[in-house]
Amino acid sequence: MGNVPSAVKHCLSYQQLLREHLWIGDSVAGALDPAQETSQLPGLPEFVKIVEVGPRDGLQNEKVIVPTDTKIEFINRLSQTGLSVIEVTSFVSSKWVPQMADHTEVMKGIHQYPGVRYPVLTPNLQGFQRAVAAGATEISVFGAASESFSKKNINCSIEESMRKFEEVVKSARHMNIPARGYVSCALGCPYEGSITPQKVTEVSKRLYSMGCYEISLGDTIGVGTPGSMKRMLESVMKEIPPGALAVHCHDTYGQALANILTALQMGINVVDSAVSGLGGCPYANGASGNVATEDLIYMLNGLGLNTGVNLHKVMEAGDFICKAVNKTTNSKVAQASFNA
Amino acid sequence: MLSRLILFIFIFLASHLAGNVRGARKKTERGWGWNQLRRHCGGARPRPSAGRRLRGAQIGCRGGCWAKMAAMKKALPPRLVGLTFFRAVSTSSMGTLPKQVKIVEVGPRDGLQNEKNIVPTPVKIKLIDMLSEGGLSVIEATSFVSPKWVPQMADHTEVLKGIQKFPGINYPVLVPNLKGFETAVAAGAKEVAIFGAASELFTKKNINCSIEESFQRFDATLKAARSANIPVRGYISCVLGCPYEGKISPAKVAEVTKKLYSMGCYEISLGDTIGVGTPGIMKDMLSAVMQEVPPAALAVHCHDTYGQALANTLMALQMGVSVVDSSVAGLGGCPYAQGASGNLATEDLVYMLEGLGIHTKAGKGQEELLGLRSFTQTWPTS
């Protein structure tokens, strides 16, 4: 903006500027740097829990198969950033998701830090049993608000999938293992197009009443905008308290942070994200994937919301995994900081 | 002519080969094409909501919020009251969105001037013509600044003379001083823009004078523009932070905005020049500025350096701003952060506005806008 003389560009040390004026903190985990400019918006939650899905949702959409050791190292690094929930892997058949073939080794290999939870995806009872045998202490089940998506993705109707999940969640409850529920296509489906908020509510309510402690509402193909996010949440929040809801926004059309801001304004205080914005979109070649954890933290920090997460350490973990999968980060914060 | 034909063929091929367009036009692998998705997922007009029924509540106004919550409690059955209480507190902060938004396309100027490769004049002209066909109503064409400072804009006169001037579309140009203004008018400019900043240090480094001295320079330009009946738009840089000074107080931004407005600028574009802002800071800044200048005379110009542009823009819309600057393909980097992204991308902005049911002229031309993205990825450079 403006007419910046080219000479100026070479005189600045942007990294130094960042550290001095610090829109990016690198001090104690979770502590906002006193120099960082923050401003509270009324009506927002005071604390936001970030659920890091990079190792699972992120990696499963990456073409390059990441070696088991690298995955373990990646998760261990994430554990040291202050993140309190890190989704580790998926106990799904390797025929469907080759990236997750090493689920047992990863689960057994990671260092489980105190105070950090490591949920894993379990599509059915068999997957659940394997997960428990591998040491899982929290699980997730994956429903959809679209019949077509459910059929194409897990080869059964929504009703059939709910029955399968009921078995899993019941078994989990017997063993005192908390279960999280995901609802895909909450703001749109690649097959059906628009999805009614009522359908999302119906599926969410089903998962919640069968015992899922939290329902993560996913804009799977990133087509949502703040208006559709608001309408969907208004409907769901008539049946499920906001404290039991999370949003999981994909950034396929660049709308993720705007949608998340809307969700926060509606009272949601759990947000899923993936470091470096890992993962593409299987439905749109070349499109970006999950919202980047770094960009999310940057916004939350600026809003004066507590997350407990150290942005700088997250960026370092992101840098590590991007080098491992040989890709450029999708995080704008990381792009601005590492290349300065 | 032959070279243009070759360029068109190349673009046609490239646009079908390039897979890296965000919001890809290509039919999705297994299902709906992008247009179908857009219509079904992005195009619905929002229904009135609880948030809208709280119309008129001041953001952060405790008195207003409590009164409205009390009214809602009376209206609803007891079991929903708990949720309502929570929702009323939350949604009242969302404000009412404008029905229509004017997009000011700054790609050819702000976008290109931050691109390293010098884009040939015919390509710039082609870009602007394509943008005109995209339905945008304001396209900032170039900058009448010395080529010593901004080599990319050296061909300002040729560009302004060479573009097709569609009826109903404005083509403002940047003018840093009276000399630039006179050259611009001679080249056919019908609207100009001047550039201030809310930071003393930035002003010194950028145009080598203080903020006060810059006002004196602008005064000469504004007087000349008034005599020639040429509208002037004012820009203010660093409204949410400065690469030299760090934090910028909302009061300072309000002061500079008020000054430019009272000097005769019909609209002031508030720029988060280095993209450091977040929604709360945007709100604080706009709250201060709106005490001095009416919202209808304000615009926001967000850079996406830290991925915050769309969220910040959404906040501005919630505050009542209805003019947004953006750049096709998110053109332009950031001279202060190598490798960082630049302006808010027009396509992403239009996508959000369409999804919110907000009318923009550019919505009709969304296909053309996406075609432009391919164009900018493949253009030849000298």
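Trainee: What kind of model is it, and how are things numbered?

Mentor: It's a predicted model, where local features need pLDDT of at least 70, side-chain atom pairs count only at pLDDT 80 or more, and totals for chains, interfaces and linings use all residues. Residues are numbered from 1 along each chain as its sequence is written, chains are lettered from A and ligands numbered from 1 in the order in which they are written, and side-chain values use heavy atoms, with hydrogens and water left out.

Trainee: What is the mean pLDDT of chain A?

Mentor: The mean is 88, and 86% of the residues of chain A reach 70 or more. pLDDT is the predictor's confidence in each residue, from 0 to 100. Over residues 1-35 of chain A the pLDDT is below 50, and that stretch has 102 contacts in the model beyond near neighbours in sequence. Contact means heavy atoms within 4.5 Å.

Trainee: OK, strands. Is E4 of chain A buried or exposed?

Mentor: Five of the six residues of E4(A) (residues 139-144) are buried, so the strand is largely enclosed by the rest of the structure. Buried means under 20% relative accessible area, exposed over 50%, and partly exposed in between, with a 1.4 Å probe and protein chains only. Helices (H or I, at least four residues) and strands (E, at least two) are DSSP runs, numbered from the N terminus.

Trainee: Which strands does E4(A) pair with?

Mentor: Strand E3 (residues 120-121) of chain A pairs with E4(A) in the parallel sense over two bridges, with Val120(A) opposite Ile139(A). E5(A) (residues 179-184) also runs parallel to E4(A), joined by six bridges, and there Gly143(A) faces Val183(A). Two strands pair if DSSP finds at least two bridges between them.

Trainee: And what do E3(A), H6 and E4(A) make?

Mentor: A right-handed β-α-β unit, with H6(A) at residues 125-133. A crossover is right-handed if, with the strands pointing away from the viewer, the path from the first strand over the helix to the second runs clockwise.

Trainee: Over to chain B. How many residues of E8 are buried?

Mentor: Five of the five in E8(B) (residues 298-302), so that strand is largely enclosed by the rest of the structure. Leu298(B), Val300(B) and Cys302(B) point one way, and Ala299(B) and His301(B) the other way.

Trainee: What's on either side in the pairing?

Mentor: Strand E7 (residues 267-272) of chain B runs parallel to E8(B) and is joined to it by five bridges; Ser269(B) stands opposite Ala299(B). The chain gets from E7(B) to E8(B) through helix H13 (residues 279-289) of chain B in a right-handed β-α-β crossover. E9(B) (residues 323-326) pairs with E8(B) in the parallel sense over two bridges, Val324(B) being the bridge partner of Val300(B). E8(B), H14(B) (residues 309-318) and E9(B) make a right-handed β-α-β unit.

Trainee: Switching to helices. What span should H11 of chain B have?

Mentor: H11(B) (residues 211-227) has 17 residues and should span 24 Å at 1.5 Å a residue; the end C-alpha atoms are 24 Å apart, which agrees. The expected span is 1.5 Å times one less than the number of residues.

Trainee: Which of its residues are buried?

Mentor: Among them are Phe215(B), Phe218(B) and Leu222(B). The cover includes helices H9 (178-186), H10 (200-207) and H12 (250-263) of chain B, along with strands E5 (192-197) and E6 (232-237).

Trainee: What about the nonpolar core, which residues touch the most other members?

Mentor: In the largest core, of 193 residues, they are Leu207(A), Leu217(A), Leu233(A), Ile260(A), Leu264(A) and Leu270(B). Another core, of nine residues, lies apart from it, with Val106(B) and Tyr235(B) among them. A nonpolar core is a set of buried Ala, Val, Leu, Ile, Met, Phe, Trp, Tyr and Cys residues joined through side-chain atoms within 4.5 Å.
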